[in-house]
Amino acid sequence: MAYNLSIEVFGSGDSPTHRSHWGFMINKPGNLEFGDLLQVEVIDSDRLWYGFAPRYATKIIDKAAVGMCKLTDLTSQQRHDVIKIIEKVPAPKNSIGLCQDWIFDALLSLEIEEFVPSGTSAFWKGMIGRPA
């Protein structure tokens, strides 16, 4: 396979008010330096609005990263298709959902389209709000 699809976790998430940040990471197997981080970030902290904030060819491991969990392998075409699906998932707005909830919504879409194994979204839904 040409690429790994993983969830990268940033921050310990020890407090319910400061949950870990999650993002999708797509990288070539064996390349632990750079990959594509697909995530949402807060764009309005008063209303808790998020926006899609991809970082292409970014460092895979940064100082805030605490771990990464591989979900599946992707071909080059699947990588392209997965990115298109993730880009279409609405970012959380009006304090309804956070980045972890967005990851769950995207995983649900990816599972429906059979890009990730059955049960992946249910597993990660159970991880929402838990410490890293």
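Glutamate 114 sits in the loop that runs between helix H2 (99–112) and helix H3 (120–125). Helices here are DSSP runs of H or I with at least four residues, strands are runs of E with at least two, and both are numbered from the N terminus.

Before I go on, the ground rules. This is a predicted model, where local features need pLDDT of at least 70, side-chain atom pairs count only at pLDDT 80 or more, and totals for chains, interfaces and linings use all residues. Residues are numbered from 1 along each chain as its sequence is written, and side-chain values use heavy atoms, with hydrogens and water left out.

Back to glutamate 114. Its phi is positive, about 65°, although the residue is not a glycine. Glutamate 114 is exposed, at a relative accessible area of 69%; exposed means over 50%, buried under 20%, and partly exposed in between, with a 1.4 Å probe and protein chains only.

Alanine 57 also has a positive phi, near 50°. Alanine 57 belongs to strand E6 (residues 55–59), and this residue is exposed, with a relative accessible area of 56%.

Now the largest pocket. Thirteen residues line it, and Arg19, Val42, Tyr50, Leu98 and Cys99 lie nearest its centre. A pocket is an open set of points on a 1 Å grid over the protein atoms alone, where a 1.4 Å probe fits, with protein on both sides within 12 Å along at least five of seven lines; lining residues have an atom within 4 Å of a point. Strand E4 (40–44) and H2 each give two or more residues to the lining. E4 supplies the largest share, 3 residues.
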